[in-house]
Amino acid sequence: RQAPAAGPPRNLPGGDRGMEIFAGASVCILILVSLLVATRTMAVWRRSRGLPELLLSLMLVSSTVLGYPLTIASSQIPPSQMWPLHVASQVFISFGFACLLLFTLKVFRAGTRWATCLAAVTLLVLVVGTTAYALELAGENPRSPGDMVEVSLLISTAIAVTYFWTTFESL
């Protein structure tokens, strides 16, 4: 007699389909809430003309409302068939995180030398990574995004620094 296989049970009623529905609904809720918050923040910006409000609105619209859905769509289509979609998704995500980085600098550490240097280096890494991604995908024999580990690590590092710094400053 064999021992039961490790891991989650297979072939449960509604198994993967239920998870797909949950994941899709979660992403839809994230996008709709982000759009609502971005709209309200943009309304505040229209009255105040404050840079932080503008940066936060642009971050939400660019990364969450546009970037995430384009990233999901691009994961279903090989770059060789539609590289502009892949590049657009990365550009929107990167622009959004650049806005969040600048928001964090402006709100929490404006005029601080170390923070300005951190923001500049992180922005540079984000721009270099996004440019390398675009050039790779627009080339004659593009690698799939999953094969561009070095480029993904570069972009992911800049995004992680942005998230961690913003989180730390918000505490």
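View A. A search through the whole structure comes back with 0 disulfides, a disulfide being a pair of cysteine sulfur atoms within 2.5 Å. Keep in mind that this is a predicted model, where local features need pLDDT of at least 70, side-chain atom pairs count only at pLDDT 80 or more, and totals for chains, interfaces and linings use all residues. Residues are numbered from 1 along each chain as its sequence is written, and side-chain values use heavy atoms, with hydrogens and water left out. As for the cysteines in this view, C99 is buried at 3% relative accessible area, while C117 is partly exposed at 44%. (Buried means under 20% relative accessible area, exposed over 50%, and partly exposed in between, with a 1.4 Å probe and protein chains only.)

**View B. Helix α2 has a kink at G67.** Helix α2 covers residues 51-74, and its kink of about 40° sits at G67, shortly before the proline P69. The bend at a residue is the angle between axes fitted to the seven residues ending there and the seven starting there. Helices here are DSSP runs (H or I, at least four residues), numbered from the N terminus. G67 itself is buried, and other buried residues in α2 include L55, M59, L60 and V65.

View C. R17 and E20 are 3 residues apart in helix α1 (residues 15-48), so about one helical turn separates them. An α-helix has 3.6 residues a turn, so residues three or four places apart point the same way. R17 is exposed, at 56% relative accessible area.

**View D. R109 reaches E169 across the chain.** Here the side chains meet in a salt bridge at 2.8 Å, N to O. The pair links distant parts of the chain, 60 residues apart: R109 is in the loop between α3 (79-108) and α4 (113-138), and E169 is in helix α5 (residues 149-170). R109 is partly exposed, with 28% relative accessibility, whereas E169 is buried at 11%.

View E. Salt bridges with shared partners tie E136, R143 and E150 into one network.

Conventions: Helix = DSSP H or I, 4+ residues; strand = E, 2+ residues; numbered from the N terminus. Salt bridge = Lys/Arg side-chain N within 4 Å of Asp/Glu carboxyl O.
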